[in-house]
Amino acid sequence: MDLRRTQLTVLSNALYETDSTPVTVSHPSDEVGDLLEFDLGPGDASEVRVLADAEDYADARTAVQQAHGDPAAEELPEWRAYVNAFVAGGLLEPSNAAELEAFLDRHGSPDLSAGHKPVVAGFDTNLVPWQLADRLGLSPGQDGTVNGYALATGVRDELDWNYKRDDTRALEAAFGDEFDALWNQPAGANRQGRLGEIHYRQLRDHRYADEVPSDTGDEAIVSAYDEYQTDGRKDVLLFSNDRDFVELAKSHRILAQRVEFPDALPESMTASWSAIQDTLYVLTVLFGVLTLPKVTLYGVWKGKGGQAWHDERLRVDCRSPAVEPLLERDLEILDAR
């Protein structure tokens, strides 16, 4: 059974109804094991507990490399990507959230009726996989924080995801038979690039979005934004995780702001179901396979094609016969709306 990212509430409901809480999210390997667990409380009051913090996870990844070699270790996201996934899903804010809010308060929400230039948001490649447009609360439109997006094609071209796994035997030996599903799918860090490519397309297809032709590389991307800003008579707010990129943009008189990711994960946090589900989606794609009580989630599987990526689907293998009927029931209710 496949579920869209927006349909993962039915999975939460099924786990709640089968008394499968708290929900522990785990990687099948012995070295990595449990990553986090969450309760399903009312409203925005669900508690999330981190079972493998950044240091624990980095140690586990090293243990996989020592026990099973580079192919298995490279199939796991790097610890930085692991932490960033919590931001991408909305469980954590960027570590400089107050600074970002002040930047947007100062330069966003232009008064077009008073003759102010429209403001558009652009992103460096290192932010696109982590869906910072959503996390920063940017709402393009006449009365939004920004009036649209400006997307450099060089950023799109830097989102490398095309290398695919053509032999899963080492992964199956290291992590289990489930990992044969990764055959002919983006391998390791390339799934991070695939997440970025999908998000780039989502932003590009917004009615208030422009593509900015550019080559790859910081200088080419920033120069293209400079030309776009001048010719289009719009102010660009450019975001990056790279200090050098931000300084380069400022030298071109582009309003630029660094987005800082946390270096560590808290022991616990309180979040909404939607933030938990979004984080679960990102983590499942990054890891390829994750296990929950009664179900196994696949971020990639044999034959996962472009439409399934576009729809942000996960595959759900129900290990318990009690879960699948509940999922089917709630999906029918959703489809009837």
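Student: Where does Arg233 lie?

Tutor: Arg233 sits in the loop between helix H10 (218-232) and strand S8 (235-240). Helices (H or I, at least four residues) and strands (E, at least two) are DSSP runs, numbered from the N terminus. This is a predicted model, in which local features need pLDDT of at least 70 and side-chain atom pairs count only at pLDDT 80 or more, while totals for chains, interfaces and linings use all residues. Residues are numbered from 1 along each chain as its sequence is written, and side-chain values use heavy atoms, with hydrogens and water left out.

Student: What is the phi of Arg233?

Tutor: Arg233 has a phi near 55 degrees, a positive value in a residue other than glycine. Arg233 is also exposed, with a relative accessible area of 66%; exposed means over 50% (1.4 Å probe, protein chains only).

Student: And what about Asp19: where does it lie?

Tutor: Asp19 belongs to the loop between H1 and S2. Asp19 is not a glycine either, yet its phi is positive, about 55 degrees. The relative accessible area of Asp19 is 67%, which makes this residue exposed.

Student: Which residues does a cis peptide bond join?

Tutor: Look at Thr21 and Pro22: the peptide bond between them is cis, with omega about 0 degrees. Pro22 is in the loop between helix H1 (9-17) and strand S2 (23-26).

Student: Now the pockets. How much space lies in the largest pocket?

Tutor: A pocket is an open set of points on a 1 Å grid over the protein atoms alone, where a 1.4 Å probe fits, with protein on both sides within 12 Å along at least five of seven lines; lining residues have an atom within 4 Å of a point. Points are joined across faces, edges and corners, and the volume is the space filled by probe spheres set on them. Here, the largest pocket holds about 470 Å³. It is lined by 26 residues, and Glu78, Ala81, Trp130, Ala189 and Gln192 are the closest to its centre. Helix H4 (79-88) and helix H9 (190-204) each contribute at least two lining residues.

Student: How do the residues of that lining divide?

Tutor: The largest pocket has eleven nonpolar, eight polar and seven charged lining residues. Ala, Val, Leu, Ile, Met, Phe, Trp, Tyr, Cys and Pro count as nonpolar, Asp, Glu, Lys and Arg as charged, and the others, Gly among them, as polar.

Student: Which residues lie nearest the centre of the second largest pocket?

Tutor: Those are Glu93, Ala97, Glu101, Arg135 and Leu136, out of 13 lining residues. The second largest pocket has about 270 Å³ of space. Helix H5 (residues 97-107) gives the largest share of its lining, five residues. By class, this lining has six nonpolar, three polar and four charged residues.

Methods: Buried means under 20% relative accessible area, exposed over 50%, partly exposed in between (1.4 Å probe, protein chains only).
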